[in-house]
Amino acid sequence: MSLIENVLIIITARGGSKGIPNKNIKLLNNKPLIQYTIEAAREVVKDENICLSTDSTEIVEVARQ
C-alpha cells in the first residue's frame, strides 16, 4: 500500500474530558485509545505528516511510546 503525499493529519486529543477523564490514554484491549488513532493515520501518511495537538503532557508521552 502506498502512502498519500502532501497531506497533513491533525489528531486533536484534549486532556480534560467531562465524560471520561483522560480517555485518550485509557486502555482498550491493552492499548491506549490514542494509539488506535495514530495507527490509523500511519496507514495513510508518513509519520512526519502526522501532527498531535493536545493540552496534556501525559497524552504526548503515551503518543511518543
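The model is a predicted one, in which local features need pLDDT of at least 70 and side-chain atom pairs count only at pLDDT 80 or more, while totals for chains, interfaces and linings use all residues. Residues are numbered from 1 along each chain as its sequence is written, and side-chain values use heavy atoms, with hydrogens and water left out.

**Overall architecture**

- The protein chain has two helices and four strands, and, read along the sequence, these follow the pattern β-β-β-α-β-α.
- Along its principal axes, the C-alpha trace of the protein chain spans about 35 × 25 × 20 Å.
- Of the 65 residues of the protein chain, 20% count as buried, a class that means under 20% relative accessible area, with exposed being over 50% and partly exposed in between (1.4 Å probe, protein chains only).
- The protein chain exposes about 5000 Å², of which carbon and sulfur atoms supply 51%; accessible areas come from the Shrake-Rupley method with a 1.4 Å probe, and for residues only the protein chains shown count as cover.
- Among contacts (heavy atoms within 4.5 Å) between residues at least 6 apart in sequence, 67% join residues at least 24 apart.

- Helix α1 covers residues 33-42, and its buried residues are Ile 34, Ile 38 and Ala 41.
- Seen down the axis of α1, these buried residues fall within an arc of 60°, so they line one face of the helix; the arc is that of the directions from the helix axis to the C-beta atoms.
- The partners against which the buried residues of α1 pack are β1 (9-13), β3 (31-32), β4 (50-54) and α2 (57-64).
- The largest nonpolar core has six residues in all, namely Ile 11, Ala 13, Ile 34, Ile 38, Ala 41 and Ile 59, such a core being a set of buried Ala, Val, Leu, Ile, Met, Phe, Trp, Tyr and Cys residues joined through side-chain atoms within 4.5 Å.
- Both β1 and α1 supply at least two residues of this core, and α1 gives the most to it, with three residues.
- Leaving aside residues up to four places away in sequence, Ile 11 touches Ile 34, Thr 37, Ile 38, Ala 41, Ile 50, Cys 51, Leu 52 and Ser 53.

**Salt bridges**

- A search of the whole structure finds three salt bridges, each defined by a side-chain nitrogen of Lys or Arg within 4 Å of a carboxyl oxygen of Asp or Glu.
- Glu 39 forms a salt bridge with Lys 31, the closest N and O atoms being 2.8 Å apart; Glu 39 is partly exposed at a relative accessible area of 29%, and Lys 31 is partly exposed at 21%.
- Asp 47 and Arg 42 meet through their side chains in a salt bridge of 2.8 Å, N to O, with Asp 47 partly exposed at 43% relative accessibility and Arg 42 partly exposed at 46%.
- The salt bridge between the side chains of Glu 61 and Arg 64 is 3.3 Å, N to O, and both residues lie in helix α2, three residues apart, about one turn of the helix.
- Glu 61 counts as partly exposed at 41% relative accessibility, whereas Arg 64 counts as exposed at 64%.

- Ile 4, Val 7 and Val 44 form a nonpolar patch on the surface, with about 190 Å² of accessible area together.
- Patches are made of residues with over 30% relative accessible area and no salt bridge, with like charges joined within 9 Å and nonpolar side chains (Val, Leu, Ile, Met, Phe, Trp, Tyr) within 5 Å; Val 44 counts as partly exposed at 31% relative accessibility.
- Asn 6 is found in the segment before β1 and is exposed, with a relative accessible area of 77%.
- Asn 6 and Thr 54 are 48 residues apart in sequence and 23 Å apart in space, C-alpha to C-alpha.

**Backbone with positive phi**

- Most residues other than glycine have a negative phi.
- Asn 22 has a positive phi near 60°; Asn 22 lies in the loop between β1 and β2 (27-28) and is partly exposed, with a relative accessible area of 30%.
- Asn 29 has a positive phi of about 55° although it is not a glycine; Asn 29 is found in the loop between β2 and β3 and counts as exposed at 66% relative accessibility.
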